[in-house]
Amino acid sequence: MSVKVEQLEHNMAQLTIEVPASDFTKAIESVYAKQKNKISIQGFRKGKVPRKIVEKMYGAEVFYEDAANELLPEAYGKAADECELDIVSMPTIDIVTMKEGENFVFTAKVATRPDVELGKYVGVTVTKIDCSVTDEEIDEEINKELERNARTVTVERKAKDGDTVIIDFEGYSGGKKFDGGTAQNQTLVLGSHSFIDNFEEQLIGCEAGDDVDVNVTFPENYHEQSLAGEDALFKVKVHEVKEKQIPALDDEFAQDVSEFDTVAEYKESVKKTIEERKLSDAKLKKEDEAVEKVINKSKMDIPDAMIDTQVQKMLDEFAQRLSMQGMNIQQYLQFSGTSVDELKTQMRPDAEKTVKGSLVLEKIADTENIEATEEEIEEELKKVAAMYRMEYDAIKDMIKGDELENVKNDIRINKAVDFIMENVKERAKPKSKAEKEAEKEAEKKAEK
């Protein structure tokens, strides 16, 4: 096998790969051997039709395409290793010569890793983020916990906004029942706007045992065309009225939802949790800002094929996440009313950002001689083992070759981010006109 490399514009290259004619003939024989038991020609028993007879009946090229598909992966793989290019995309394959008795020739167009001319990456300025915690934020967090621990109880009174009612209903349009307009023991929170129009408002003031006529008008864009814009009557039977009872914020509540004995201790722990969350969020925001500034100051000519490959990777990962939720990509596309091409277009900006970030951070790691230590690699593999609930030795045996190199590269990239952040300069975000006016107003009040 021979390989010729032609450098193209924008960090693209074309490999011309020539496979010996004998290998192509072997691939044809292999394909024929796999398919002959399925071939039926009058006068021959199934599986006994000579190859030459099949080719005479269906054409000499009958096995060519499958033979090419059998040859291509291995031939391209060997060529990619031999050419010593840093290939960063899937190949675009074109067949040049495909005929038995002649060398099998094809081209593979690929993207190669672009060089990066780094801009400033030491002493990058990032926005200082205030991570202090206000009393209002503590109260908001505690109120959420109180809501989560609320209980719903049946009450003997008229329903009011925010209550839950248990109802049966039958829907009529033009005096006739319509499909999908009937339900029993339906739970409805008044004020949730989960039902159409002013349905819920008309149940405020009802009591258990009441029969209520609810009149509504379906919206013009209603998904059921036969009901769009139509008036409807719902005959509603109210079974129960329930209210949400929120527990009191006292020491007993604090003991129920935390490891602390008093409200004061519980509030302090909530404050610490919020502070840790804000510090973590601030760290990520500053890292994103710093890396983006380095990217904007750097120069690189990224081939489209490299971004295409990243888009496909993101699409594959998205499909994998969907499958874990019991849905495939085709179902998602149907439900969302979009196409694969539209989804790829949506993903492209993030894919480009990811590619640029990786290239810049890898270049910084190279420039600063940042490497992954054996201890760091071991720690990362232990995390993977814990994630998949596997033994460390089993994971170590599984992750080798290119996969191990990817782990090392991820560590180097993370250390490159740490290097940038160790040298950043923080500046306060400029105050808006409204903030300045509010400060002046507060100063005036303080003087009084």
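# Strands, helices and a buried threonine

Colleague: Is C83 buried or exposed?
Modeller: This is a predicted model, and the values are computed from it. C83 has a relative accessible area of 15%. The cut-off for buried is under 20%. So C83 counts as buried.

Colleague: How many disulfides does a search of the whole structure find?
Modeller: A disulfide is a covalent bond between the sulfur atoms of two cysteines. C131 is a buried cysteine, with a relative accessible area of 15%. C83 is buried too. For disulfides, the search of the whole structure gives a count of 0.

Colleague: Which strand does β1 join through 6 bridges?
Modeller: Strand β1 covers residues 2–7. V3 has I17 as its bridge partner, and I17 lies in β2. The two strands run antiparallel. The strand joined to β1 by 6 bridges is β2.

Colleague: Which residue in the hairpin of β1 and β2 takes a positive phi?
Modeller: The hairpin has 4 residues between its strands. The phi in question is near 55 degrees. The residue that takes it is H10.

Colleague: How many bridges join β2 to β4?
Modeller: Strand β4 spans residues 104–111 and runs antiparallel to β2. One of the pairings links M12 to A111 in β4. The number of bridges between β2 and β4 is 8.

Colleague: Why is β2 described as largely enclosed by the rest of the structure?
Modeller: Strand β2 covers residues 12–19. Buried means under 20% relative accessible area. β2 is largely enclosed because, of its 8 residues, the number buried is 6.

Colleague: At what angle do α1 and α3 pack?
Modeller: Helix α1 is residues 21–35, helix α3 is residues 64–83, and their axes are 8 Å apart. The crossing of α1 past α3 is right-handed. Residues that meet there include F24 and I28 in α1, and Y64 and L71 in α3. The packing angle is about 110 degrees.

Colleague: Is α1 roughly parallel or roughly perpendicular to α3?
Modeller: The angle between them is about 110 degrees. Angles of 65 to 115 degrees count as roughly perpendicular. So α1 lies, relative to α3, roughly perpendicular.

Colleague: Is T112 buried or exposed?
Modeller: T112 sits in the loop between β4 and β5. Beyond its neighbours within four places in sequence, T112 has contacts that include N11, L85, V88 and P303. Its relative accessibility is 9%, so T112 counts as buried.

Terms used:
Residues numbered from 1 in each chain as written. Predicted model: local features only at pLDDT ≥ 70, side-chain atom pairs only at ≥ 80, totals over all residues. Heavy atoms only, no water. Buried < 20%, exposed > 50% of the residue type's maximum accessible area, 1.4 Å probe, protein only. Pairing = 2+ DSSP bridges. Disulfide = S-S within 2.5 Å. Axes fitted to C-alpha atoms, helices over the stretch in contact; angles between N-to-C directions. Parallel < 35°, antiparallel > 145°, perpendicular 65-115°, else oblique. Left-handed = near helix turned anticlockwise from the far one by under 90°. Contact = heavy atoms within 4.5 Å.
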